[in-house]
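Reader: I would like to go through some assignments one by one and hear what each rests on. Please set each value against its criterion.

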Amino acid sequence: MTWARVFLLAVWEFVVGDDWRTAIGVALALALTALVAAAGSSAWWVMPPAVLGLLALSVRRAARGTSRRD
């Protein structure tokens, strides 16, 4: 493999990891933050609820996944 391919795969694994849904949620939250900031409003408040919501969904998915395996 070329060094560029190895680097891109490492970045993909770091950003997406095991949960592509959470990665998409973070990207959407960042986009919303940028839109709110571009509109001239204070955008600090966008990420805390997004992080809490994404964390809750991720934990819920993980808990459902482990109960199915037992």
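Reader: Where is Thr-22 placed, and how do you know that placement?
Author: In this predicted model, Thr-22 sits in helix 2. A helix here is a DSSP run of H or I with at least four residues, and helix 2 covers residues 20-38.

Reader: What makes the pair Thr-22 and Asp-19 a polar contact?
Author: The side chains of Thr-22 and Asp-19 are joined at 2.6 Å. The cut-off for a pair of N or O atoms is 3.5 Å, so the pair counts as a polar contact.

Reader: How do you know that the side chain of Arg-61 also makes a polar contact with Thr-22?
Author: The value for the side chains of Thr-22 and Arg-61 is 3.4 Å. The limit is again 3.5 Å, and therefore this pair counts too.

Reader: Which residues does Thr-22 touch beyond its sequence neighbours?
Author: Not counting residues up to four places away in sequence, Thr-22 touches Leu-54, Ser-58 and Arg-61. Touching requires heavy atoms within 4.5 Å.

Reader: Why is Thr-33 called buried?
Author: Its relative accessible area is 18%. Buried means under 20%, so Thr-33 qualifies.

Reader: What does Thr-33 contact, leaving aside neighbours within four places in sequence?
Author: Thr-33, which is also in helix 2, is in contact with Ala-43, Val-46 and Met-47. A polar atom of the Thr-33 side chain also lies 2.8 Å from the backbone oxygen of Ala-29.

Reader: How many helices and strands does the chain have?
Author: The chain has three helices and zero strands. Along the sequence this gives the pattern α-α-α.

Reader: Why is the chain called more spread out than a compact globule?
Author: The globule rule gives 11 Å for 70 residues, whereas the radius of gyration is 16 Å, well over that value; so the chain is more spread out than a compact globule. Along the principal axes, the C-alpha trace spans about 45 × 40 × 10 Å.

Reader: What share of the residues counts as buried, and what share of the accessible surface belongs to carbon and sulfur atoms?
Author: Of the 70 residues, 17% count as buried. The accessible surface comes to about 5,800 Å², and carbon and sulfur atoms hold 72% of that area.

Reader: How far apart are the mean positions of the positive and negative charges?
Author: The mean positions of the 7 positive and 4 negative charges lie 7 Å apart.

Conventions:
Residues are numbered from 1 along each chain as its sequence is written. This is a predicted model: local features need pLDDT of at least 70, side-chain atom pairs count only at pLDDT 80 or more; totals for chains, interfaces and linings use all residues. Side-chain values use heavy atoms; hydrogens and water are left out. Helices (H or I, at least four residues) and strands (E, at least two) are DSSP runs, numbered from the N terminus. The radius of gyration is taken over C-alpha atoms; the globule rule is 2.2 Å times the number of residues to the power 0.38. Buried means under 20% relative accessible area, exposed over 50%, partly exposed in between (1.4 Å probe, protein chains only). Accessible areas come from the Shrake-Rupley method with a 1.4 Å probe; for residues, only the protein chains shown count as cover. Lys and Arg count as positive and Asp and Glu as negative; His and the chain ends are not counted. The place of a charge is taken as NZ of Lys, CZ of Arg, CG of Asp or CD of Glu. A polar contact is a pair of N or O atoms within 3.5 Å; within protein, one must be able to donate a hydrogen and the other to accept it, and residues adjacent in sequence count only if both atoms are side-chain atoms.
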